[in-house]
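Please look at the sequence and the structure below. The paragraphs that follow lead through them step by step.

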Amino acid sequence: MDTSGEDLQTLCRSGDLADGGRAVPFDVVYAGQTCRAFAVRYRGQVHAYLNRCTHVAMEMDWQPDRFFDDTGQWLLCSTHGAVYRPDTGDCAGGPCRGKLFGIETLERDGIVFWRSQYHLKPVEF
Ligand code: FES
């Protein structure tokens, strides 16, 4: 598939993301800094965010790639318990200060992509 011109970056296969399950991590360059990001599936849709809590700018998963709570309904920061909505990144409780930084995704023909933007770039190898 030709994704040139769309700024689409391959993230994972669709089957790698189970609803309410483990996240798939990926790296981005955000505002010139390499940052971790993650994708999850929630109610069938893929959502991706920078792995950076809005309470304190640190990664949220104490256990790698586990962001959902036990119910699979909320994303948690393991440090102080901030709670975020999986579909919007909005704060839903705890000490968060605003919403997670969302990354646009696209799912096509069994492949999940994320879309780069002027301040959000793939890591150059
Ligand atoms: S760093 Fe995430 S809740 Fe404090």
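In this predicted model, Asp65 lies in the loop between strand 4 and strand 5, the latter spanning residues 75-76. The phi of Asp65 is near 70 degrees, a positive value in a residue that is not glycine. Most residues other than glycine have a negative phi. How exposed is Asp65, going by its C-beta neighbours? Asp65 has 15 of them inside 10 Å and counts as partly exposed, because a residue needs 20 or more to be buried and 12 or fewer to be exposed.

Another residue other than glycine with a positive phi is Arg43, at about 50 degrees. Arg43 is found in the loop between strand 3 and strand 4, where strand 4 covers residues 45-50. With 11 other C-beta atoms within 10 Å, Arg43 is exposed.

The protein has eleven strands and zero helices, and along the sequence the pattern reads β-β-β-β-β-β-β-β-β-β-β. The C-alpha atoms fill a box of roughly 40 × 30 × 20 Å along the principal axes. For 125 residues, a compact globule would have a radius of gyration near 14 Å, and the protein agrees with this at 14 Å. Of the 125 residues, 28% are buried. Among contacts between residues at least 6 apart in sequence, 49% join residues at least 24 apart.

Next comes the arrangement of strands. Strands of a sheet pair through backbone hydrogen bonds, either parallel or antiparallel. Here, five strands form an open sheet in the order 8-4-3-2-11, with antiparallel pairing. Strand 8 (102-103) and strand 11 (120-122) stand at the edges, and each has a single partner strand, so one side of each is left without a neighbour in the sheet. Within this order, strand 2 (residues 24-30) pairs with strand 3 (residues 33-42) in the antiparallel sense over seven bridges. Pro25 stands opposite Phe38 of strand 3.

Setting aside neighbours within four places in sequence, Phe38 is in contact with Ala23, Val24, Pro25, Ala48, Tyr49, Asn51, Asp65 and Phe67.

Which residues have the most contacts inside the largest nonpolar core? They are Ala37, Phe38, Ala39 and Phe67, in a core of 29 residues. Strand 1 (8-13), strand 2, strand 3, strand 4, strand 5 and strand 10 (111-115) each supply at least two residues of this core. Strand 3 gives the most, with four residues.

The last stop is Leu50, which has its place in strand 4. Is Leu50 buried or exposed? Leu50 has 21 other C-beta atoms within 10 Å and is therefore buried. Not counting residues up to four places away in sequence, Leu50 touches Tyr30, Cys35, Ala37, Leu100, Phe101 and Ile103. Among these is Ala37, one of the residues with the most contacts inside the largest nonpolar core. Leu50 and Val28 are 22 residues apart in sequence, while their C-alpha atoms are 8.3 Å apart in space.

Notes
Residues numbered from 1 in each chain as written. Predicted model: local features only at pLDDT ≥ 70, side-chain atom pairs only at ≥ 80, totals over all residues. Pairing = 2+ DSSP bridges. Contact = placed C-beta atoms within 7 Å. Rg over C-alpha atoms; globule rule 2.2 N^0.38 Å. Core = buried A, V, L, I, M, F, W, Y, C linked by C-beta atoms within 7 Å.
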